[in-house]
Amino acid sequence: MEARQNGPNGELPAPAVPGPTNPMVTPLLTDLYQFTMAYAYWKAGKHDERAVFDLYFRKNPFGGEYTVFAGLEECIRFIANFKFTEEEISFVRESLPSSCEDGFYNYLRGIDCSDVEVYAISEGSVVFPKVPLLRVEGPVAVVQLLETPFVNLINYASLVTTNAARHRFVAGKSKMLLEFGLRRAQGPDGGIGASKYCYIGGFDATSNVAAGRLFGIPLRGTHSHAFVSSFMGPDEIINRSLTSHDGSTTCEDFVSLVQSWLSKIQWSESLHGSFGETNQSELAAFSSYALAFPTNFLALVDTYDVVRSGVPNFCAVALALRDLGYKAVGIRLDSGDLAYLSSEARKIFWSIEKEFGVTDFGRMNITASNDLNEETLDALNKQGHEVDSFGIGTYLVTCYAQAALGCVFKLVEINNQPRIKLSEDVSKVSIPCKKQCYRLYGKEGYPLLDIMTGENEPPPKVGERILCRHPFNESKRAYVVPQQVEELLKCYWPGNSGRAREHLPLLVDIRQRCIKQLEQMRPDHMRRLNPTPYKVSVSAKLYDFIHFLWLNEAPVGELQ
Ligand SMILES: Nc1ncnc2c1ncn2[C@@H]1O[C@H](COP(=O)(O)OP(=O)(O)OP(=O)(O)O)[C@@H](O)[C@H]1O
Ligand SMILES: O=P(O)(O)OC[C@H]1O[C@H](OP(=O)(O)OP(=O)(O)O)[C@H](O)[C@@H]1O
Ligand SMILES: O=C(O)c1cccnc1
Ligand SMILES: [Mg+2]
């Protein structure tokens, strides 16, 4: 459990950390092999050897050149409360061979994460391949048990945050982005996680009520086709009275008021008979919705025919509401050509504003949904459209364009001895040693590159030239004179080491960090088509050491 003494400088202890959001996140949420390895470490008397693991990914997702890091808070919540229950220990005992000795279960009973330290990049930061997102130090058996839950908590979180950030990038700052994915998400945790992390990635709101309650994310919603098609006609509406916004008058038959507006606009000059009879059951549905929500009236207009029925019906209800001092919100389009239909709807709104002198009617909100993704948003931008808000579900939350981020957790040091994992595939060779990581900024204020150094090397200094080398490609190197140096790994879990701990920021602050960091990137790293890779490098000293260790560990072949 968390150490509660004052810090070395007398600072107050950080507040206790609550458990993971999802109660399924327990010490058993790991792969069996973590327990078999823990047993074998214990049996060999190695379990308390001090190990350092790096958690990182190898390639940016979605064909891009950046990733947004998320999931850290849940990792810290997990280790802050890491403790086996008796029931969990019994289950591990049942799951391992009966030859495993009892002493191991006593050992499991006693462990927590007080000997573990976690250094991490702040959640919501823009991050790049190979740079550790987390450096986890501690007794090898305990840290081994953390591998699967940590990778699980970070993989999807970072993937979907990045997906959300990419959707925001295409949509532009001024559009409202609504996450509508719960029904299509990969189960309840996928849905809750998607809402939380899409918010961090720059979405404005979610339709997911549970996520609104858990995280305080703004909730938004419209209505569905079922509501519209549930009405047969205006006769169904019994209670038709609506009191004006200021409470001064009551309209006894709001439905008739709507109908009189409908005939006015039907024969209006600017629309000159562009539509005839509209669908009366749709008109009844809209009137009924307006009676229920006069201050928040937004109508789904594509159940029967957007231009000939949905939009005129909406306008009639909105104008009737206006007679009573209410301002309608707008419409939602959920099918068809969203560029064309949004532009047609906008034209009708402007015509009404002009002809009937209704201020701001032209600026009515238009929300669009229906299988939207980065490509469709991009296509809409190219065609020109009049959509103000996008409701996005399936492609966003399922991360349809890429199934997983591929984070890994690799041993880089044990008992102060650096370790390396070799591979035929150079991109899979791990970078050994307990490392420090820095982001170096150039003259124009953009991040230039990230550099990893050995733990005991002096940090890069502002104004001092430093050689930055590609970790594996000898010919790729550059001198950099940083204008600003940012240390990336901060202590988020000191265990009982007595070090000061970074506080876990509020969700809105993580979101702000993400938005700010994305804005700070050089635009060519961010563009969708052929973005420029951001450089990730190592110091000259670390480069030499990697290659020394590589040669040391790789057997020399024999040719016959
Ligand atoms: N102007 C546009 N440019 C490019 N893609 C668009 C445009 N408007 C809509 N889309 C996309 O085209 C697809 C249209 O979906 P689909 O072919 O299923 O028809 P639909 O309009 O949903 O019809 P329905 O739901 O009535 O069957 C959606 O993915 C939508 O996001
Ligand atoms: O399209 P998405 O990006 O997933 O956004 C969420 C979708 O969910 C709703 O559709 P609904 O469940 O009514 O099904 P639908 O596909 O038939 O419209 C809504 O009308 C959107 O179309
Ligand atoms: O509120 C909406 O319009 C909504 C919510 C979830 C899915 N589709 C639409
Ligand atoms: Mg749909």
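**Strands, helices and ligand shells**

User: What makes up residues 434-545 in terms of helix and strand, and how far apart are the end C-alpha atoms?

Analyst: Residues 434-545 are 21% helix and 32% strand, and their end C-alpha atoms lie 12 Å apart. Helices (H or I, at least four residues) and strands (E, at least two) are DSSP runs, numbered from the N terminus. This is a predicted model, in which local features need pLDDT of at least 70 and side-chain atom pairs pLDDT 80 or more, while totals for chains, interfaces and linings use all residues. Residues count from 1 along each chain, and chains are lettered from A and ligands numbered from 1, as written.

User: What makes β15 and β21 edge strands?

Analyst: Let's start with the sheet: six strands run β15-β14-β1-β5-β3-β21, open and with antiparallel pairing. β15 (417-418) and β21 (490-493) each have a single partner strand, so one side of each has no neighbour in the sheet.

User: How do you know that β1 and β14 are paired, and in which sense?

Analyst: Pairing takes at least two DSSP bridges. β1 (residues 50-57) and β14 (residues 407-414) share seven bridges, in the antiparallel sense. If you want one to look at, Leu55 has Phe409 of β14 as its bridge partner.

User: Which strands does helix α5 touch, and at what angle to β5 does it run?

Analyst: Contact needs C-beta atoms, placed from the backbone, within 7 Å. Helix α5 (residues 140-171) touches β1, β5 (134-139) and β14, so packing on the sheet, and its direction makes about 155 degrees with that of β5. Angles run from 0 to 180 degrees between N-to-C directions of axes fitted to C-alpha atoms, for helices over the stretch in contact. Helix α2 (residues 72-80) lies across β3 (117-120) and β21, at about 45 degrees to β21.

User: Which elements give two or more residues to the shell around ligand 1?

Analyst: The shell (C-beta, placed from the backbone, within 6 Å) includes Ser335, Asp337, Asn370, Asp371 and Gln383. Two elements give two or more residues to this shell, α12 (338-356) and α13 (374-383). The largest share, four residues, is from α13.

User: What makes up the shell around ligand 3 by residue class?

Analyst: Phe180, Ser207, Gly221, Thr222, Arg332, Ser369, Gly391 and Gly393 surround ligand 3. They divide into one nonpolar, six polar and one charged. Ala, Val, Leu, Ile, Met, Phe, Trp, Tyr, Cys and Pro count as nonpolar, Asp, Glu, Lys and Arg as charged, and the others, Gly among them, as polar. The shell around ligand 1 has five nonpolar, five polar and two charged residues.

Notes:
Two residues are in contact if their C-beta atoms, placed from the backbone, lie within 7 Å.
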